[in-house]
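Open the model and keep the sequence beside it. We will walk through it in short steps.

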Amino acid sequence: QNVTNMNSMFNYCTNLTTVPLFNTSKVINMNNMFQYCTNLTTVPLFDTQNVTNMDYMFNYCTNLTTVPLFDTQNVTNMNSMFNYCTNLTTVPLFNTSKVKNMKYMFYYCPKLITVPLFDTQNVTNMNGMFYVCSNLTELPIFDIRSVTNIKDMITGTQITKITFKNKPANLE
């Protein structure tokens, strides 16, 4: 109950299919928590109110189709959070108001069909965010006022045109 760091806790647990609900109320770091849990199909609604880092949390969880609506109000890093979640079809509307890094967040999630309108006004890096999300046909109008890197954001999607809110003048 006093654990604050769950970095790589289940990393490479390739036979893990589910996890029980346990006390995560004091956890700050969930970096790599389920990385390479290739048979993981579900996760419970953990208490994540204090978590700031979800970097690579579900990286290569290839059998995960969705996740619960975690409390992400304090998260600043979602880099590669769902990288190579090849069966992920939907994600809830996470509170992303403090997130700065969404680089590769959904990299190679070919079954993802929609994404909610995340609060992206503080995000600086969206590089490859939806790279090879081949079933995506459109995105919400993200506010990218703070973004400095948006390279390859929609490469490999079906999106032909994207509209942004508050796009910096120097951003290509």
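Start with charge. The structure holds 1 salt bridge, meaning a side-chain nitrogen of Lys or Arg within 4 Å of a carboxyl oxygen of Asp or Glu. This is a predicted model, in which local features need pLDDT of at least 70, side-chain atom pairs count only at pLDDT 80 or more, and totals for chains, interfaces and linings use all residues. Residues are numbered from 1 along each chain as its sequence is written, and side-chain values use heavy atoms, with hydrogens and water left out.

Which residues form the salt bridge? R145 pairs with D143, and their closest N and O atoms are 2.4 Å apart. Side chains of opposite charge can pair when their charged atoms come close. D143 counts as buried because its relative accessibility is 10%. R145 has 44%, so R145 counts as partly exposed.

Next, turn to the nonpolar side chains. In soluble globular proteins, nonpolar side chains tend to be buried together. A nonpolar core is a set of buried Ala, Val, Leu, Ile, Met, Phe, Trp, Tyr and Cys residues joined through side-chain atoms within 4.5 Å. The largest such core here has 50 residues. Which members touch the most others? They are F34, F58, F82, F106, M126, F130 and F142. Take F106 and trace its contacts (heavy atoms within 4.5 Å). Leaving out residues up to four places away in sequence, F106 touches F82, L88, V91, L112, F118, M129, F130, Y131 and C133.

Now follow the rings. Rings of Phe, Tyr and Trp (its six-membered ring) pair if their centres lie within 6.5 Å; planes under 30 degrees apart count as stacked, over 60 as edge-to-face and the rest as tilted. How many aromatic pairs are there? The structure holds 21. Y84 and Y107 have ring centres 5.9 Å apart and planes at 40°, so this pair is tilted. Y107 also pairs with Y131. Those two centres are 4.8 Å apart and the planes lie at 10°, so this pair is stacked. Y84 is partly exposed, with a relative accessible area of 23%, and Y131 is partly exposed at 25%. Ring pairs also link a cluster of phenylalanines. Its members are F10, F22, F34, F46, F58, F70, F82, F94, F106, F118, F130 and F142.

Y104 is not a glycine, yet its phi is positive, at about 55°. Y108 also has a positive phi, near 55°. Y104 is partly exposed, with a relative accessible area of 25%. Y108 is partly exposed too, at 30%.

What about the cysteines? A disulfide is a pair of cysteine sulfur atoms within 2.5 Å. By this rule the count is 0. For C13, the nearest cysteine sulfur belongs to C37 and is 5.1 Å away. C85 has its closest cysteine sulfur in C61, at 5.2 Å, which is too far for a bond. Is C85 buried or exposed? C85 is buried, with a relative accessible area of 0%. C13, in contrast, is partly exposed at 28%.

Finish at T17. T17 is in contact with N39, L40, T41 and T42, leaving aside its neighbours within four places in sequence. T17 and V43 are 26 residues apart in sequence, and their C-alpha atoms are 8.8 Å apart in space. T17 counts as partly exposed because its relative accessibility is 42%.

Technical notes:
Buried < 20%, exposed > 50% of the residue type's maximum accessible area, 1.4 Å probe, protein only.
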